[in-house]
Amino acid sequence: MPHRASSPWPTRWRVSEATPFDSIGGEGAVRALVDAFYDLMELEPRFAHLRGLHPASLEGSRDKLHWFLCGWLGGPDHYVERFGHPRLRARHLPFSIGIRERDDWLACMAAAMEQVQVPPALRARLVGSLANTADWMRNRGQPA
């Protein structure tokens with residue numbers, strides 16, 4: 001699918017032929033990452049607080065994160081096609097997100113990336129970008 005110039009995803013990832021979406025292994029690999037993320041959230045006691053912030057059923061959360069990450073990584077814009085611009089901060093404002101929630105989310109995602117064996121260089125790049133976004137999502141607490 002060709003990328004639109006007006007896409008909200010990082011344009012720096014569209015400069016080269018291979019996007020992070022391609023490097024991670026495409027849509028199936030993104031789904032595996034999302035499933036590992038939510039499975040860890042449900043199973044690991046260290047992520048119980050993070051799990052408690054989500055609805056009882058994670059099906060919708062799994063789908064939305066999968067659709068979002070596909071586009072954010074430079075692949076198909078499934079999320080935008082379904083819901084329009086992600087408006088991440090606005091969509092998360094009803095939830096209390098502080099330093100602990102940011103750090104727990106990032107730790108869970110980093111563990112999921114390790115579990116599904118995202119290559120270390122790509123993992124470092126993604127964690128860096130996700131850390132910036134996660135910090136921007138905070139709506140309480142002082143800047144780190």
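Author: Let us begin with the idea of a pocket. On a 1 Å grid over the protein atoms alone, a pocket is an open set of points with protein on both sides within 12 Å along at least five of seven lines, and its lining residues have an atom within 4 Å of a point. Grid points are joined across faces, edges and corners, and a volume is the space filled by probe spheres set on the points. The model is a predicted one, in which local features need pLDDT of at least 70 and side-chain atom pairs count only at pLDDT 80 or more, whereas totals for chains, interfaces and linings use all residues. Residues are numbered from 1 along each chain as its sequence is written, and side-chain values use heavy atoms, with hydrogens and water left out.

Reader: How much space lies in the largest pocket, and which residues are the closest to its centre?

Author: The largest pocket holds about 890 Å³ of space. Its lining comprises 26 residues, of which Y38, H54, H92, W105 and M137 are the closest to the centre. Two or more lining residues come from each of α2 (27–43), α4, α5 (78–83), α6 (88–92), α7 (99–115) and α8 (120–137).

Reader: How many helices and strands does the chain have?

Author: Helices (H or I, at least four residues) and strands (E, at least two) are DSSP runs, numbered from the N terminus. Here the chain has 8 helices and 0 strands.

Reader: Which helix gives the largest share of the lining of the largest pocket?

Author: That helix is α4, with 5 residues. The expected span of a helix is 1.5 Å times one less than its number of residues. With 14 residues, α4 reaches 20 Å from its first C-alpha to its last, close to the 20 Å expected at 1.5 Å a residue. Just after α4, G74 takes a positive phi of about 105 degrees.

Reader: Why is α4 described as largely enclosed by the rest of the structure?

Author: A residue is buried under 20% relative accessible area, exposed over 50%, and partly exposed in between (1.4 Å probe, protein chains only). Because 10 of the 14 residues of α4 are buried, the helix is largely enclosed by the rest of the structure. Among them are S61, H66, W67 and W72. The buried residues of α4 pack against α1 (20–24), α2, α5, α6, α7 and α8. Over the chain of 144 residues, buried residues make up 42%.

Reader: Is R62 buried or exposed, and with which residues is R62 in contact?

Author: R62, found in helix α4 (residues 59–72), counts as buried because its relative accessibility is 8%. Contact means heavy atoms within 4.5 Å. Leaving aside neighbours within four places in sequence, R62 is in contact with R31, V34, D35, Y38, D39 and E42. Another arginine, R51, has its place in helix α3 (residues 48–52). R51 is buried too, with a relative accessible area of 16%, and beyond four places in sequence its contacts are M41, E42, A56, S57 and L58.

Reader: Which residues does V30 touch?

Author: V30 is found in helix α2 and, at 0% relative accessibility, counts as buried. Not counting residues up to four places away in sequence, V30 touches F21, I24, H66, L69, C70 and L73.

Reader: What separates the C-alpha atoms of A112 and M41?

Author: These two residues are 71 residues apart along the chain, and their C-alpha atoms are separated by 9.5 Å. A112 lies in helix α7, is buried at 0% relative accessibility, and is in contact with L33, A36, F37 and L40 when neighbours within four places in sequence are left aside. For the chain, among contacts between residues at least 6 apart in sequence, 71% join residues at least 24 apart.

Reader: How many disulfides does the structure hold?

Author: A disulfide is a pair of cysteine sulfur atoms within 2.5 Å. The structure holds 0 disulfides. C70 counts as buried at 0% relative accessibility, and C108 also counts as buried, at 0%.

Conventions:
On a 1 Å grid over the protein atoms alone, a cavity is a set of points where a 1.4 Å probe fits but cannot get out, and a pocket is an open set with protein on both sides within 12 Å along at least five of seven lines; lining residues have an atom within 4 Å of a point.
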